[in-house]
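Hi everyone, thanks for coming.

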Amino acid sequence: VSRGLLPDTGSDYEGTGGNIHDAMDFLLSNFIEMNKLWVRMQHQGSKLDQDKREMDRKMLQDLVGKNLTYLSQLDGLDFHLYSGVVLSRVLDQIICCEDVIAQQYLMQCVIHCFPDEFHLGTLDDLLGTLPRLKEGVKVHLIMAGLMDRLAQYAEKYPTSVRQVDAFARFETTCCDVTAQHPEMHAGEVIEMYVALLAFTGSVHPDRLDYVNGLLEACHKALRDRGTVSDPKGEKTLVDLLSAPLTRYDVVRVLGLDSYPRLMDLLRMRKRKDMAVKIVQAITEGGLIVDSFENVRRLFTFIAPLIKDAEGFDEEIDDEDLEDEQTLIARLVHSLWSPIPAEQMKILEEVGKQFEDGGFRRMKFNLPPLVFAGLKLIKHMSMLQAKGQALAGGVTFEGVLDWLLARCHLIVEVPRPMMALRCLLHCGHAASEEARLEDTAYDCFEQACTLFEESISSSSEKETALQAIIGTLHRCHVFPAESRAALAQTVSGYCANLLKKEEQCRAVCLYSHVFWQQEVAADAPARAGTAGEAPVRDPVGVMRSLKRCIKLANAAQRRSGITARSLRPSVEPVSLYVELLNQYLFYFEAGNSQITLSVLQQLIDLVANEMADKQAGDGLKQFYKNTLEHVNWRQGTDEKYKGLQVPALPAA
């Protein structure tokens, strides 16, 4: 009823009806009397009805708070009147009422009703009231509300907030509140510091020392409470520890003195959750950990992901373990120093940590470690190509020996296929980057031994053989004698495959061992590769392709026998079309053994086979595409002239 009728500055009632002081006095007196009546309701009636009375009081709280709202809306209320008259009387009433519900609500009303610049000028008065509030008041919520308001204000007027040194005042008040209210739950204490951290990030985004200080203060407040074990407290502490990871450089945050001490207050399960957040912050943020000391510090924080903790018997299932170790595998590629000696120290430290985690984890995290070592080999080769010396005692031989030891561990895990691939990558790096013939040969020798002893299934043998042939094809360091020995071994593996079709395809791929590609003109230079010519052995290629024809014929005869007892197969015909494509490849590459007449004989042979068999749509399209390619080449390349190409098959 009184709204609009008070003698506010500039109103119709100012003068004869009073002035701004009378308006303030009326609203303050009304507020005080209403609050007394509101508090008195708590103590009327039986204790059995206390819950109902509290509900009734909360329904009436807005009515009491409207007095403060109207005070804040007075046009004549300036900072001088607010700080000298209004705030002192309001805070005195809040303290004197000694009621938890009233103090909680009215403090939040003061914060939300009056302007931010008023709060900034009376910060000491507001903060000095908090430790005097009654036990049970959620002081952390009041603090959080005030800090959030001032943080938003600081986005527009950062200098004003910094000039009053608000951070130091908030930090001191947090310490005073926790000291005077030992009954506060750990979660409430932490929430207060979460709000202070958010305030610090908004007002002082470049002051990591402030972050360290508030984390240390939080640790002191929680230290006497022991391990934070209640779910709410754990979640809030994880939020507090996670917040700096997204706002500041992760490596610098982990270097703070207070961070590990605060993290130690978590139970092991939550420490693992924090470790996951730390790894995600690094990998998703594209950060690089570039020193041995920082890597070692990092691994102390993520230890719950690397190995089983003593006294922690929780069994992790295979799916969760794979998710965790996939994160660690991604992390490995974020550990990089451009100084070879420093990077080698990092790899050795990480390798020791992984070995402590056992074979169950090593099957996921060792392969990326091997590839990180291969990256180092390539980097060292690039440095040498630029004429830079490798300081610090790191050598190609030392790095490769270390990598081979990791490959042997992968065999023991056991993951023989992955170990074979890693050995082949090491062999290629030894050949093309390090130019170490003996080491490269040793890698192939161990890969072949692994192929013979540890890979049993037919499909894995076929895949492994493709990898061996493909890697040998790309290696240029071997002299003729060593290369011939390896080629002979691989040839034997091709012959030992179970099916003729598998043998035919393997030998077809094997022919590329005798025909290496030219090094691209724009490929980066490598030490020791100048003037090195690729292997080009037309006779070896032709010998392999003739062997493929025999194997395809054998598969054809076997198919005829099988067709009488089982269903017929068009697989051998597909082999002929694949062989035709290989012949065309070598013909275009300039293999002197693949002449126009040889190519014509094969084209006629494939045409006859396709005519005699009921080929599927996929094979027909494959054959048609091959013939279309030949027709196109006849129009663009003179050496195709005179080749008789059969009519294209119907679609």
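Let's begin with a pair of helices: H20 passes H21 in a left-handed crossing. A quick word before we go further: this is a predicted model. H20 covers residues 359-385 and H21 covers residues 396-412, and the two pack at an angle of about 160° with their axes 9 Å apart. That angle makes H20 roughly antiparallel to H21, because anything over 145 degrees counts as such. As for what the contact of H20 with H21 consists of, by class we have 17 nonpolar, three polar and two charged residues.

Now stay with H20 and look at another of its partners. Helix H18, residues 318-332, packs with H20 at an angle of about 15°, and here the axes are 9 Å apart. So H18 runs roughly parallel to H20. What is the hand of the crossing of H18 and H20? It is right-handed.

If you'd like to find this contact on your screens, go to H18 and pick out Asp 318, Leu 321, Glu 322, Gln 325, Ile 328, Ala 329 and Val 332. Facing them from H20 are Arg 360, Arg 361, Phe 364, Asn 365, Pro 368, Leu 369 and Ala 372. Sorted by class, the contact of H18 with H20 comes to eight nonpolar, two polar and four charged residues.

One more pair, if you'll bear with me. H16 (residues 292-301) and H19 (residues 340-356) pack at about 20°, with 9 Å between their axes. That makes H16 roughly parallel to H19, and the crossing of H16 and H19 is right-handed. On the H16 side the contact uses Phe 292, Val 295, Arg 296 and Phe 299. H19 brings Glu 342, Lys 345, Ile 346, Glu 349, Val 350, Gln 353 and Phe 354. By class, the contact of H16 with H19 has six nonpolar, one polar and four charged residues.

Is H7 largely enclosed or largely open? Since 13 of its 18 residues are buried, H7 is largely enclosed by the rest of the structure.

Next, a side chain worth a click: Gln 61, in helix H2, residues 50-72. Setting aside neighbours within four places in sequence, Gln 61 is in contact with Trp 38 and Tyr 105. Tyr 105 is 44 residues away along the chain, yet the C-alpha atoms of Gln 61 and Tyr 105 are separated by 7.6 Å.

Finally, the loops. Between H21 and H22 sits Pro 414, and the peptide bond from Val 413 to Pro 414 is cis, with omega near 5°. Asp 165, in the loop between H8 and H9, has phi near 55°. Arg 435, in the loop between H22 and H23, has phi of about 60°. Are these residues buried or exposed? At 37% relative accessibility Asp 165 counts as partly exposed, whereas Arg 435, at 17%, counts as buried.

That's my tour, and I'm happy to take questions.

Note on methods:
Residues numbered from 1 in each chain as written. Predicted model: local features only at pLDDT ≥ 70, side-chain atom pairs only at ≥ 80, totals over all residues. Heavy atoms only, no water. Axes fitted to C-alpha atoms, helices over the stretch in contact; angles between N-to-C directions. Helix = DSSP H or I, 4+ residues; strand = E, 2+ residues; numbered from the N terminus. Parallel < 35°, antiparallel > 145°, perpendicular 65-115°, else oblique. Left-handed = near helix turned anticlockwise from the far one by under 90°. Nonpolar A, V, L, I, M, F, W, Y, C, P; charged D, E, K, R; others polar. Contact = heavy atoms within 4.5 Å. Buried < 20%, exposed > 50% of the residue type's maximum accessible area, 1.4 Å probe, protein only.
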